Amino acid sequence: MSTINGLPAHILLVHFIVVLAPLTAILAIAASIWTAVRSRLVWLIAALALITVVLTPLTTDAGEWLEKRVPETAAVEQHTEVGDSMIYFSIGLVVVAALLVFLHLRERRGNAPVRWQSIAVVVLAVVIGVATMVQVYRIGESGARAAWDDVSATADNG
């Protein structure tokens, strides 16, 4: 996918990742801690995680297409390198969502999860969730620098 209505697809798709990945991470952390949240939102979290993991490679592929059409700079190269790592964080969200589904299904059957399982899911959800939010910030910040550093430097000199 290269363009959508004449605009680079990356510029449009990235907004889905910027919203969905942190939202999924926050909901997963909350669901790992509170059973009531898990019982209400587990399927939404699973769906959001799957959508994020599908959109991530589409977004990075569209970004690679765009990279070939903009001037080669260190900022663009940095953004590309950091952006390529997002798939690992998206996969991490799917793993956490799967574990939340596992806990939810055990609870629905009347089998309370073993305490260490619940603790492990909380730890994974927090670590992967926070890491995902930090990585989305890092990718977005590097993308903003790649896109706007020349513009802000020109505005400062003008």
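I began with Glu 107, which came out as partly exposed at a relative accessible area of 23%; on this scale buried means under 20% relative accessible area, exposed over 50%, and partly exposed in between, with a 1.4 Å probe and protein chains only. The model is a predicted one, in which local features need pLDDT of at least 70 and side-chain atom pairs count only at pLDDT 80 or more, while totals for chains, interfaces and linings use all residues. Residues are numbered from 1 along each chain as its sequence is written, and side-chain values use heavy atoms, with hydrogens and water left out.

I then looked up the partner of Glu 107 and found its side chain in a salt bridge with that of Arg 38, at 2.5 Å from N to O; the term requires a side-chain nitrogen of Lys or Arg within 4 Å of a carboxyl oxygen of Asp or Glu. Glu 107 belongs to helix α4 (residues 86-108) and Arg 38 to helix α2, so the pair ties together parts that are 69 residues apart in sequence. Helices here are DSSP runs of H or I with at least four residues, strands are runs of E with at least two, and both are numbered from the N terminus. Arg 38 counts as buried, at 3% relative accessibility.

By the same rule I counted two salt bridges, and the other entry I noted joins Glu 141 to Arg 145, with the closest N and O atoms 2.3 Å apart. Both residues lie in helix α5 (residues 115-157), four residues apart, which is about one turn of the helix. Glu 141 is partly exposed at 26%, and Arg 145 is partly exposed at 44%.

Next I checked Ala 31, which sits in helix α1 and is buried, with a relative accessible area of 0%. Leaving aside neighbours within four places in sequence, Ala 31 is in contact (heavy atoms within 4.5 Å) with Val 37, Arg 38, Ile 45 and Leu 100.

For the packing of helix α1 (residues 9-33) against helix α2 (residues 35-67), I noted an angle of about 155 degrees and axes 7 Å apart; the axes are lines fitted to C-alpha atoms over the stretch in contact, and angles run from 0 to 180 degrees between N-to-C directions. The two helices are therefore roughly antiparallel, since angles under 35 degrees count as roughly parallel, over 145 as roughly antiparallel, 65 to 115 as roughly perpendicular and the rest as oblique.
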